[in-house]
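Below are some comments for a colleague looking at this model.

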Amino acid sequence: MIYALPLLAPLLLAYASYNAFKAPGLRPRAAIRLAELAALTSILVALLSGLVLALYGPGTSPMIGYSYVALASRLDLVSLVMLLLVSFIGWVVLRYAGTFLDGEARQGPFTGWMTATLAAVLLLVQSGTLLQLVIGWCAASLLLHQLLIFYPERIAARRAARKKFFVSRLGDLALIGAVALLAVTFQTGDIATILFKAQQGQGLPLTMAAAALL
């Protein structure tokens, strides 16, 4: 269960997002403070996860679900670095936005979209299963789109958002295709198992095909 520790980070930010959406109007200070606190706590979670990694080595939490339809947290050096990076940058952005948007009529919803995006990215970088990888990737992309069109009256923002939406959907299809190839090749949705089998040279041709799609 110690490998499930990183899941606390996206859960905290998801709660902060829910709270921010319930706090519309000018200067929702409580929601903003909660969002910043969630980001700071995510940094602490990442640091504690580093301690777990140092003491016990890389590993995957117990799966929530069954077979291919499951979620799990994967803790290794790469996911740890990404957890720290995303949590820290997220805290910086939320601090800046809290000051820059002070007095903005929709500061609460912006904070909600921002924390939800951070939660999706944190879920993505610790993916222990292929399903979680796809969910995290697609959710982060769609939530980022909402941030791009936060001011819908801005023509340049709408134009950029349309282009980004089209390209991102192509990327989603490529990712889903690659994930399907990996799942069929290795007969599992567990990323740790896939990595182990790949190191043994199993499923090399289709693995290379999946990499080409990505």
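1. The model is a predicted one, and the comments start with the lining of its largest cavity, which by class comprises four nonpolar, three polar and one charged residues. The residues that line this cavity are Ile32, Ala35, Glu36, Leu94, Ala97, Gly98, Gln107 and Thr111, and Glu36 is among them.

2. As to where these residues come from, α2 (29–56), α3 (77–100) and α4 each contribute at least two residues to the lining of the largest cavity. The volume of that cavity is about 50 Å³, and the structure holds one cavity of 30 Å³ or more.

3. Helix α4, residues 107–125, also packs with helix α5, residues 130–148, at an angle of about 155 degrees, and the two axes lie 8 Å apart. Because angles over 145 degrees count as roughly antiparallel, α4 and α5 are roughly antiparallel to each other, and their crossing is left-handed.

4. Which residues of α4 and α5 meet? On the α4 side they are Phe110, Trp113, Met114, Ala116, Thr117, Ala120, Val121, Leu123 and Leu124, while α5 brings Gln132, Leu133, Gly136, Trp137, Ala139, Ala140, Leu143, Leu144, Gln146 and Leu147. By class, this contact of α4 with α5 has 15 nonpolar and four polar residues, with no charged residues, whereas the lining of the largest cavity has one charged residue.

Key. Residues are numbered from 1 along each chain as its sequence is written. This is a predicted model: local features need pLDDT of at least 70, side-chain atom pairs count only at pLDDT 80 or more; totals for chains, interfaces and linings use all residues. Side-chain values use heavy atoms; hydrogens and water are left out. Axes are lines fitted to C-alpha atoms, for helices over the stretch in contact, and angles run from 0 to 180 degrees between N-to-C directions. Helices (H or I, at least four residues) and strands (E, at least two) are DSSP runs, numbered from the N terminus. Angles under 35 degrees count as roughly parallel, over 145 as roughly antiparallel, 65 to 115 as roughly perpendicular and the rest as oblique. A crossing is left-handed if the near helix is turned anticlockwise from the far one by less than a right angle, and right-handed if clockwise. Contact means heavy atoms within 4.5 Å. Ala, Val, Leu, Ile, Met, Phe, Trp, Tyr, Cys and Pro count as nonpolar, Asp, Glu, Lys and Arg as charged, and the others, Gly among them, as polar. On a 1 Å grid over the protein atoms alone, a cavity is a set of points where a 1.4 Å probe fits but cannot get out, and a pocket is an open set with protein on both sides within 12 Å along at least five of seven lines; lining residues have an atom within 4 Å of a point. Grid points are joined across faces, edges and corners, and a volume is the space filled by probe spheres set on the points.
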